[in-house]
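Dear colleague,

Please find the structure below, together with its sequence. A summary of the findings follows.

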Amino acid sequence: SFLASIIFALGFLLYRTTAAGLLAASLIVFDPALIIYSRLILPDTALLVCGFGALLMLHYAFTTPRATLFWISIAVSGMLLGCAVSVKWTGLGFWGLAFLYAVLQKRSLRTAFALSLLLCMTYSALFIWHFMFFEGGTPNTFQFKNETAKALQFPSGKNIKNIITFLPAYHRAMFNANFEYQNHKSAS
């Protein structure tokens, strides 16, 4: 539901007509693949909502004449980018698009750096928060064959320093796990 609203607002801001916003939103609402996709793979829908929400806020930042709203919109955009990447690393595609858009605008490098910094801060904060509340990690539905994932020792949720030092090992295990499924014979 949020995705159609965000796409409507983005279409409206880009073309300055209600018809453009309605056309863009209706393409999302009546797309049968996206309807099924959003019912079966809900985290990816959250990725799309956060990613397109970030692009909407970024475009709004560069079209608003008020300086205060500019930085508030950039902050919200950076945080939404961090949320998108925390759902799935393919959310980095939204970051690349946002980075390129910001570089091509008048406040280019400073804004692109601010977006990247906010993305990293939000991404890290979400993982720290997760491991604070879910001590020992969450139950695995997959059996990992790589040694990096098997050797993970989840930190205590009470010690933030241990969680922060654990994050690189956790991300290395996630990265290695991607190759495990790529080499699996029954993988699509």
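Among contacts in the protein between residues at least 6 apart in sequence, what percentage join residues at least 24 apart? The figure is 63%, where contact means heavy atoms within 4.5 Å.

Please note that this is a predicted model, in which local features need pLDDT of at least 70 and side-chain atom pairs count only at pLDDT 80 or more, while totals for chains, interfaces and linings use all residues. Residues are numbered from 1 along each chain as its sequence is written, and side-chain values use heavy atoms, with hydrogens and water left out.

Overall architecture

The protein contains 9 helices and 0 strands; helices (H or I, at least four residues) and strands (E, at least two) are DSSP runs, numbered from the N terminus. Of the 188 residues, 36% are buried. Buried means under 20% relative accessible area, exposed means over 50%, and partly exposed lies in between (1.4 Å probe, protein chains only). The accessible surface comes to about 11,700 Å², and carbon and sulfur atoms account for 70% of it; such areas come from the Shrake-Rupley method with a 1.4 Å probe, and for residues only the protein chains shown count as cover.

The nonpolar core

A nonpolar core is a set of buried Ala, Val, Leu, Ile, Met, Phe, Trp, Tyr and Cys residues joined through side-chain atoms within 4.5 Å. The largest one has 30 residues, of which Ile74, Leu81, Leu115 and Phe131 touch the most other members. At least two residues of this core come from each of H1, H4 (42–63), H5 (67–87), H6 (92–104), H7 and H9 (160–182). H7 gives the most, with 8 residues. Leaving aside neighbours within four places in sequence, Leu115 is in contact with Leu58, Ile74, Ser77, Gly78, Leu81, Ala98 and Ala102.

Two individual residues

Ser116 lies in helix H7 (residues 108–133). Why does Ser116 count as buried? Ser116 counts as buried because its relative accessibility is 14%. Its side chain reaches the backbone oxygen of Ala112 at 2.9 Å. Not counting residues up to four places away in sequence, Ser116 touches Trp95 and Phe99.

Phe8 belongs to helix H1 (residues 2–15) and, at 28% relative accessibility, counts as partly exposed. Apart from neighbours within four places in sequence, Phe8 is in contact with Thr18, Gly21, Leu22 and Ala25. The C-alpha atoms of Phe8 and Leu23 are separated by 7.8 Å, and these residues are 15 apart along the chain.

Yours sincerely

Notes: Polar contact = N/O pair within 3.5 Å; in protein donor to acceptor, adjacent residues only side chain to side chain.
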